[in-house]
Every structure is written in structure tokens, then in C-alpha cells.
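Please consult the sequence and the coordinates while reading.

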Amino acid sequence: MSTSKANPLEARPIPSQVVRDDEPVLVAAAKGGEISAFETLVSRYERKIFRLAQNITQNREDAEDVMQESFLKAYEHLSGFQGNSRFYTWLVRITVNQALMKLRRRRPNVVSLDEELDTGEELVPREVEDWGPSPEDRYKQNQLGEILSSAIGDLDPSFRIVFQLRDIEELSTEETAEALGLSVPAVKSRLLRARLKLRQKLDKYFRRSEIS
Amino acid sequence: MNCRSIVKELSNYLDESLDITLKDSIEQHLTNCEDCRIVVDTTKKTIQIYCNSEPAPLPEDTRSRLHEALVKHLRRVRA
């Protein structure tokens with residue numbers, strides 16, 4: 001690798017504002033039988049839950065089933081939700097379980113999250129090139145959505161789901177491990193590979209030399 | 001600290017889960033290695049882009065079916 005001087009990076013990724021302050025109030029109201037409170041929670045998270053289900057199943061029809069089943073299951077078991085985690089995290093766990101069940105029924109021989117994958121790949125990227133500032137602004141919103149969706153869809157399921165939970169849904173490493181029945185080292189290993197693979201996939205769209 | 005070690009620790013570095021000694025060693029390397037700096041920077045950007053991406057609006061028919069299923073379920077539960 002070449003050498004030159006510049007400041008090292010220090011900030012971590014910006015978290016999205018997935019949880020709002022009123023979430024515990026809505027959950028308490030829904031537990032107390034206030035249906036409109038549960039409907040508010042559904043409206044708030046339906047898009048994210050559908051994307052999660054779609055990214056795991058890679059099938060729109062399955063994703064719709066999974067989303068419905070997940071919200072219904074959440075409502076059924078709401079009285080058992082103790083509030084030890086965020087409601088959204090709990091909902092994500094339910095969705096992941098439903099989606100994995102669906103995926104395994106469809107493709108029983110394909111999805112195995114608990115095997116250690118030996119990719120035999122060289123992790124150190126080659127032909128490195130800077131992306132420049134705000135590379136995502138070079139694309140329209142729908143184009144960017146397609147690029148991101150296609151890149152993550154190309155990942156092996158065991159990488160894709162870990163990245164989805166850790167970096168999109170912002171579960172902790174421990175929560176991700178628990179949701180997927182994996183060890184913490186296995187989650188970390190898959191996350192590193194997923195991040196590097198996605199970086200590589202996005203590189204052709206975002207590298208500085210692509211600016212016309 | 002070499003380039004391979006940087007990549008191995010990349011996730012831990014971005015997640016700020018390294019002890020200060022290792023973090024300092026990485027940053028020392030990054031000061032002198034442009035390629036590693038680009039890999040760190042673009043990987044961080046990759047995470048940010050996904051993390052900040054808004055999910056597409058739910059198709060109206062999908063949304064209707066979800067809400068119909070909920071209403072049906074809630075009626076059954078209440079009956």
C-alpha cells in the first residue's frame with residue numbers, strides 16, 4: 001500500500017433516529033388495550049420491518065407474509081414484553097425469526113447461519129480509490145435505493161442478515177448474536193466480511209473517478 | 001501494525017471497541033498509509049449510507065393488506 005499524510009478517522013457511523021421518546025408510552029397504552037397506540041407503532045415501523053423481511057427473504061410475497069405475521073405475533077405477545085429492550089429491537093427479533101423460518105422452509109439446504117464460513121478470500125482490498133465527499137448525492141433517491149438493495153441482495157444470507165441487524169437496524173453485537181443463535185465472534189467475523197464486501201460492491205458506483 | 005492487521009481490526013476500530021493502545025497503533029498507521037485510510041473511510045461511508053437510507057414507502061396494496069389483517073385479528077381477539 002502507498003503512503004502519504006492525512007488525519008486518521010475517528011467518528012463512528014451516524015445512528016438513525018429509529019426510536020422516538022414516546023415509544024414506551026405507546027407500548028404501555030397498547031398493552032392497556034388501546035388499539036390506536038398499537039396502530040401508531042405499526043405505522044411507524046411497517047416500512048422498516050418490510051425492508052428487513054425483504055432483505056432476509058429476498059422475496060416480496062414472503063416479506064409481506066413475514067411482516068403481517070410479525071406484527072400479529074407482537075400484538076399477541078405484547079403482555080409478555082417486559083421492556084428490557086426497546087420495543088423496536090423486540091419487534092426486529094420477532095421478524096428475524098419469522099423470516100428465517102420462511103427462508104428455511106423455502107430453501108432448507110441453503111440457509112445455515114451457524115456454520116463457520118470459510119470463504120478463503122483475501123480480505124485486504126485491492127485497487128483502492130477514494131470516493132470523494134457525499135458520493136451518494138450523485139444518484140437520485142430511487143437509483144440509490146436500487147444500488148443499495150442490489151448490493152446487499154448479492155451477499156451470502158449469513159453475511160447479509162448480520163449486516164442488516166448490526167448496521168441497519170442498529171442492534172448490538174450481543175443482540176445480533178442472540179437473535180441469530182450465533183456466537184459473538186461469529187457475528188464479528190461475518191460483519192467484517194459483510195462490510196468489506198459491500199464496500200467493494202459500492203466502490204464501482206461511488207469511486208471518485210466515476211464522477212462525470 | 002501492517003495493512004492486513006488494519007483490515008482485521010477494521011470493524012472493531014469503526015465500532016470504537018478497541019483498547020487505546022491498539023487504537024493509537026492503527027491511527028499511527030493510517031497517518032502514513034493512504035490506501036488503508038481510504039479503506040477505513042469508504043467502509044465507514046458504506047455503513048453510514050446504509051444506516052441513513054430511508055426504507056421505500058410501503059406499496060399501498062401491501063399496506064392495506066397489513067392493516068386489514070390487523071383489524072381482522074384484533075376483532076377476533078376481542079370477540
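The model is predicted. Chain A has an average pLDDT of 83, and its contact with chain B takes 47 residues from chain A and 45 residues from chain B. Within chain A, the domain assignment gives domain 1 (23–106) and domain 2 (135–210).

**Confidence in chain A**

- A pLDDT of at least 70 is reached by 82% of the residues of chain A.
- Confidence in chain A is highest in helix α3 (residues 60–76) of chain A, at 95, and lowest in helix α7 (residues 173–180) of chain A, where the mean is 90.
- Over residues 1–18 of chain A, pLDDT stays under 50, although the model has 37 contacts beyond four places in sequence for this stretch.
- Where pLDDT is low, predicted coordinates should not be read in detail.

**The contact between chains A and B**

- Chain B contributes 45 residues to the contact, and chain A contributes 47 residues.
- On the side of chain B that touches chain A, at least two residues each come from α1 (3–8), α2 (10–14), α3 (20–32), α4 (34–52) and α5 (60–78) of chain B.
- α4(B) provides the largest share of that side, with 19 residues.
- By class, the side of chain B that touches chain A comprises 22 nonpolar, eleven polar and twelve charged residues.

**The pair α8(A) and α4(B)**

- Two packed helices are described by the angle between their axes and the distance between the axes.
- The axes of helix α8 (residues 184–206) of chain A and α4(B) cross at roughly 90° and come within 9 Å.
- α8(A) and α4(B) are therefore roughly perpendicular to each other.
- From α8(A), the residues A:R195, A:L196, A:L198, A:R199, A:L202 and A:D203 meet B:T42, B:T43, B:T46 and B:I47 of α4(B).
- The residues of this helix contact divide into four nonpolar, three polar and three charged.

**The domains of chain A**

- The centres of domain 1 of chain A and domain 2 of chain A, taken over C-alpha atoms, are separated by 21 Å.
- Between these domains, eight residues of domain 1 of chain A are in contact with ten residues of domain 2 of chain A.
- On the side of domain 1 of chain A that touches domain 2 of chain A, α2 (35–57) and α4 (87–106) of chain A are the elements that give two or more residues.
- The largest share of that side, four residues, belongs to α4(A).

Note on methods:
Residues numbered from 1 in each chain as written. Chains lettered and ligands numbered in written order. Predicted model: local features only at pLDDT ≥ 70, side-chain atom pairs only at ≥ 80, totals over all residues. Contact = placed C-beta atoms within 7 Å. Nonpolar A, V, L, I, M, F, W, Y, C, P; charged D, E, K, R; others polar. Domains from an automatic or database assignment. pLDDT = per-residue confidence, 0-100. Axes fitted to C-alpha atoms, helices over the stretch in contact; angles between N-to-C directions. Parallel < 35°, antiparallel > 145°, perpendicular 65-115°, else oblique.
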